[in-house]
Amino acid sequence: MANEVRGVIARAKGAPVEVTTVVVPAPAPGEALVRVQACGVCHTDLHYRDGGINDDFPFLLGHEAAGVVERVGDGVADVAPGDFVILNWRAVCGQCRACSRGEPWYCFSTFNAQQKMTLADGTALSPALGIGAFAELTLVAAGQCTKVDAAVPAQVAGLLGCGVMAGLGAALNTASVRRGETVAVIGCGGVGDAAILGASFAGARTVIAVDVDDRKLEWARGFGATHTVNAGTGDVVEAIRELTDGFGADVVIDAVGRVETFTQAFYARDLAGRVVLVGVPTPDMKLELPLIDVFGRGGSVKSSWYGDCLPSRDFPMLIDLHRQGRLPLDKFVSETIGLDDVEAAFDKMHRGEVLRSVVTF
Ligand SMILES: NC(=O)c1ccc[n+]([C@@H]2O[C@H](COP(=O)([O-])OP(=O)(O)OC[C@H]3O[C@@H](n4cnc5c(N)ncnc54)[C@H](O)[C@@H]3O)[C@@H](O)[C@H]2O)c1
Ligand SMILES: [Zn+2]
Ligand SMILES: [Zn+2]
């Protein structure tokens, strides 16, 4: 039997989001129905609302969530009703060319629930990142549920479902930051601060936080930044070079995803250094770089999709580190809010007042 619950949808490009009735089907084979306990507001939800991802309106927003499995469809063995899970947008297929060569964190054939959640009039919803968790219940593929220790509050655990995992993974998985290295992170929102935390955790000697907002720079220090640079008041590339003996950083992570920040990242790294792009650009952005500089500076330029994480490997491990007091994930939660407050949370994100607003149920 289908369930009727409250959910936050984006009906049309740029229009304010609204809370409305969402119909959630019972789980079919391979699917899981999850009672959402917490879901963070990520910049990507705003990208969806503004039409920056695609035009498949209406969207059911929310994708950074944790909750408890309510029911599973036939053939689901890995999770069971009552399990506390973090939802992931990388249900690994096990069969595509990435999976078969042993790199499941790149899985090219991730999947979601087959059945559609709908509006009361039957209009199919597009769930953000195949999740749609600004709703009391959501329907996902069972592989999107990763069981973790239930002792961690849902508003903290859920953050690993997107932004915090993306940032931690950009430093730990994509850049493979090593002990003693110098790292700069451009953009200190939830994703950038998680990259700073990851770099610090990995033993980076120098961790430079770059943002246009002094309040964000202050918070970045709390996650392990050793130096800060306000991008609004000077030359970012020069500032990073000055803080790294004139050479540039071994690793520069762009957690904004704009042409100017990527260009800064490209030139602010040392010879043979690594650039990691974790911020998501919009389709209209075009990059122009002298090819001789791409060659001459050497090193690597990589994108970080979801922090190149493997949920089954990384979520339980990071939750353990948090429980041991070694990874202060709770510091990312600026406030807990209700379903009706998502639009206001977008405004606060815009004004730089929060790292993460988290909807709790
Ligand atoms: N790759 C992935 O898998 C993945 C996952 C989640 C989010 N993201 C993306 O990561 C990006 C950051 O997400 P977030 O949730 O941290 O957003 P956010 O809005 O909380 O943070 C962005 C930060 O960048 C700063 N900023 C803006 N322009 C800047 C500039 N020119 N120079 C320096 N700093 C600048 C802002 O002040 C803010 O602190 C977004 O593009 C989001 O879509 C990527
Ligand atoms: Zn695969
Ligand atoms: Zn996200």
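Since the model is predicted, local features are described where pLDDT is at least 70 and side-chain atom pairs count only at pLDDT 80 or more, while totals for chains, interfaces and linings use all residues. Residues are numbered from 1 along each chain as its sequence is written, and chains are lettered from A and ligands numbered from 1 in the order in which they are written. The chain averages a pLDDT (the predictor's confidence in each residue, from 0 to 100) of 97, and 100% of the residues score at least 70. Helices (DSSP runs of H or I, at least four residues) and strands (runs of E, at least two) are numbered from the N terminus. Among these elements, helix α1 has the lowest mean pLDDT, 94, whereas strand β11 (residues 182–186) has the highest, 99.

Ten residues from domain 1 and eleven residues from domain 2 form the contact, where two residues count as touching if their C-beta atoms, placed from the backbone, lie within 7 Å. On the domain 1 side, helix α1 (residues 43–49) gives the largest share, three residues. That side has three nonpolar, five polar and two charged residues; here Ala, Val, Leu, Ile, Met, Phe, Trp, Tyr, Cys and Pro count as nonpolar, Asp, Glu, Lys and Arg as charged, and the others, Gly among them, as polar.

Where does ligand 1 lie? Both domain 1 and domain 2 give residues to the shell around ligand 1, so the ligand lies between them. There are 33 residues around ligand 1, and His 43, Ala 166, Gly 187, Gly 189 and Val 191 come nearest; a residue is near if its C-beta atom, placed from the backbone, lies within 6 Å. At least two residues of the shell come from each of α1, α4 (163–174), α5 (190–201), β12 and α8 (259–267). By class, the shell holds 16 nonpolar, 13 polar and four charged residues.

Strand β12 (residues 206–211) is also part of a parallel pair, joined to β13 (residues 227–230) over four bridges; two strands pair if DSSP finds at least two bridges between them. In this pair Asp 211 stands opposite Asn 230. With helix α6 (residues 214–222), β12 and β13 make a right-handed β-α-β unit, meaning that, with the strands pointing away from the viewer, the path from the first strand over the helix to the second runs clockwise.

Strand β4 (residues 59–60) runs parallel to β8 over two bridges, with Phe 59 opposite Ser 126.

Two backbone details complete the picture. The peptide bond from Phe 57 to Pro 58 is cis, with omega near -5°, and Pro 58 lies in the loop between α1 and β4. Asp 245, in the loop between α7 (236–242) and β14 (249–254), has a positive phi near 55° although Asp 245 is not a glycine.

Definitions and conventions:
Domain bounds come from an automatic or database domain assignment.
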